[in-house]
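Visitor: I would like to go through this entry and ask how each label was reached. Please set the values against the cut-offs as we go.

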Amino acid sequence: MPHRAELTVPALRAWMAERGFPRYRATQVLAWVYRRGVSDFAAMSDLARELREALAAAFVISRLTPSVVTRSADGTRKLLFQLDAGAAIESVLIPDPPRLTLCISSQAGCGMGCAFCATARLGLLRNLSANEIVGQVVAAQAELQPGERISNIVFMGMGEPLANYDAVVEAIEILTAEWGIGLSSRRITVSTVGLVPAMARLVRDTAVQLAVSLSATTDAQRQRLMPVNRRFPLEALLTMCRALPIPQRRRITFEYVMLGGVNDTVEDADRLVRLLHGIRAKVNLIPFNAFPGGGFAPASDAAIRRFQERLLAGGVHASVRQSRGQDIQAACGQLALAHGGVRHETAKRQADRSHRAASVP
Ligand code: SF4
């Protein structure tokens, strides 16, 4: 059989256009693939047989299958996917009735180097394709119990989504399209360390919710925790946040990982109130989940409470993230140190992967 290409949205549209098919034909095929989860062209019963055969000769429909699914006592489920060349990624299903949130990865590993994140130790292995991003959602849907439905998707797993911009935006199209997963863009959150120009593009190109991982209130502190701050210091980041045309009734989420003795003081809280002045913001305080060799300690419950109270007193919406799935290393900041320099051990241990410290809103 001649080489068949992986079916992607742009490739299918181009193939159909070259042959003079109307655009809706591609949409028909995409609905079979993404909405109905069919991976065999022969099953696409509303297409002519010749078209099905031509598609089958040209394309292969790829699927992601988790190599391990681990379930936490609190109902959190972690899906581990083994990709090519030893790269592995992870998605986490987090029940929080009535919501069921899926946290997905956008890259294998990550090149952003955040000091409090285990994924950073892997470095960037590679970008995921749009199919690999959406494939995590399709695979998670197959793991659902009767009556369950994924209500929210957050790009807060491995990787910096805006460093893989085109694939992430293509994936968002599939996630929100009627022929695709059919989720409202309000229910999709993209979390970034603050790649300022790409933030503006994302708000222009999509209608998803934006979350910014902040975790510090001075440039010196943030530079130490998040190297990206050298490229985009606080002032540039927050000036962009002020300028973004965020729709009324929406807010930018600022994620703040609470590190004991590092960024958890009352002075930090007061500075944060000042920094966020003029931005429709809500702050998500994330208790730090320690990992071996991480070098940081979690902030105490009392410090987190005090910090939250200071923000609220300053007129800033602030909530504390409840840690989920800790017993299966699926909580925020816990990382799949599964590969690369840190070799796979057993499949379960592999679950010890990074989930971005800036996590689920
Ligand atoms: S927190 Fe997110 S952006 Fe930073 S290193 Fe970890 S995965 Fe990358």
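Visitor: Which hand does the crossing of helix 10 and helix 11 have?

Guide: This is a predicted model. In it, the crossing of helix 10 and helix 11 is right-handed.

Visitor: Why are helix 10 and helix 11 called roughly parallel?

Guide: The axes of helix 10 (residues 266-275) and helix 11 (residues 301-313) cross at roughly 30°. Angles under 35 degrees count as roughly parallel, so helix 10 and helix 11 get that label. Their axes come within 9 Å.

Visitor: Which residues of helix 10 and helix 11 meet?

Guide: On the helix 10 side they are V266, A269, D270, L272 and V273. The helix 11 side supplies R306, F307, R310 and L311.

Visitor: Why are helix 4 and helix 5 called oblique?

Guide: Helix 4 (residues 130-142) packs against helix 5 at an angle of about 40°. Roughly parallel needs an angle under 35 degrees, and roughly perpendicular runs from 65 to 115. Helix 4 and helix 5 are therefore oblique to each other. The two axes are 8 Å apart, and the crossing is right-handed.

Visitor: Which residues touch the most other members of the largest nonpolar core?

Guide: That core has 100 residues, and A171, L175, M258 and V283 touch the most other members. Helix 5 (residues 165-176) gives the largest share, six residues.

Visitor: How do you know where this core lies relative to domain 1 and domain 2?

Guide: Domain 1 (5-60) and domain 2 (68-350) both contribute residues, so the core lies between them.

Visitor: What does V283 touch?

Guide: Leaving out residues up to four places away in sequence, V283 touches F254, Y256, L272, L311, V316, H317 and A318.

Visitor: V316 is on that list. What makes V316 buried or exposed?

Guide: V316 has 20 other C-beta atoms within 10 Å. Buried means 20 or more, so V316 counts as buried. V316 sits in the loop between helix 11 and strand 14 (317-320). Beyond four places in sequence, V316 touches V273, L276, A281, V283 and L311.

Visitor: Why is I279 called partly exposed?

Guide: I279 has 19 C-beta neighbours inside 10 Å. Buried takes 20 or more and exposed takes 12 or fewer, so I279 counts as partly exposed. I279 is in the loop between helix 10 and strand 13 (281-287), and I279 touches L238, C241, R242 and I252, again not counting residues up to four places away. I279 and V316 are 9.7 Å apart, C-alpha to C-alpha, and 37 residues apart in sequence.

Visitor: What makes the phi of S215 worth a remark?

Guide: Phi of S215 is near 60°, a positive value, and S215 is not a glycine. S215 lies in the loop between strand 11 (209-213) and helix 7 (219-225).

Visitor: R249 also has a positive phi. Is R249 buried or exposed, and what makes it so?

Guide: R249 has 7 other C-beta atoms within 10 Å. Exposed means 12 or fewer, so R249 is exposed. Phi of R249 is about 70°, and R249 lies in the loop between helix 9 (234-243) and strand 12 (252-258).

Visitor: And why does S215 count as buried?

Guide: S215 has 27 C-beta neighbours inside 10 Å. The cut-off is 20 or more, so S215 counts as buried.

Visitor: Where is the cis peptide bond, and what is its omega?

Guide: The cis bond joins P97 and P98, with omega about 5°. P98 lies in the loop between strand 5 (88-96) and strand 6 (99-104).

Visitor: What makes D96 partly exposed?

Guide: D96, in strand 5, has 15 C-beta neighbours inside 10 Å. Buried needs 20 or more and exposed 12 or fewer, so D96 counts as partly exposed.

Terms used
Residues numbered from 1 in each chain as written. Predicted model: local features only at pLDDT ≥ 70, side-chain atom pairs only at ≥ 80, totals over all residues. Core = buried A, V, L, I, M, F, W, Y, C linked by C-beta atoms within 7 Å. Helix = DSSP H or I, 4+ residues; strand = E, 2+ residues; numbered from the N terminus. Domains from an automatic or database assignment. Contact = placed C-beta atoms within 7 Å. Axes fitted to C-alpha atoms, helices over the stretch in contact; angles between N-to-C directions. Parallel < 35°, antiparallel > 145°, perpendicular 65-115°, else oblique. Left-handed = near helix turned anticlockwise from the far one by under 90°.
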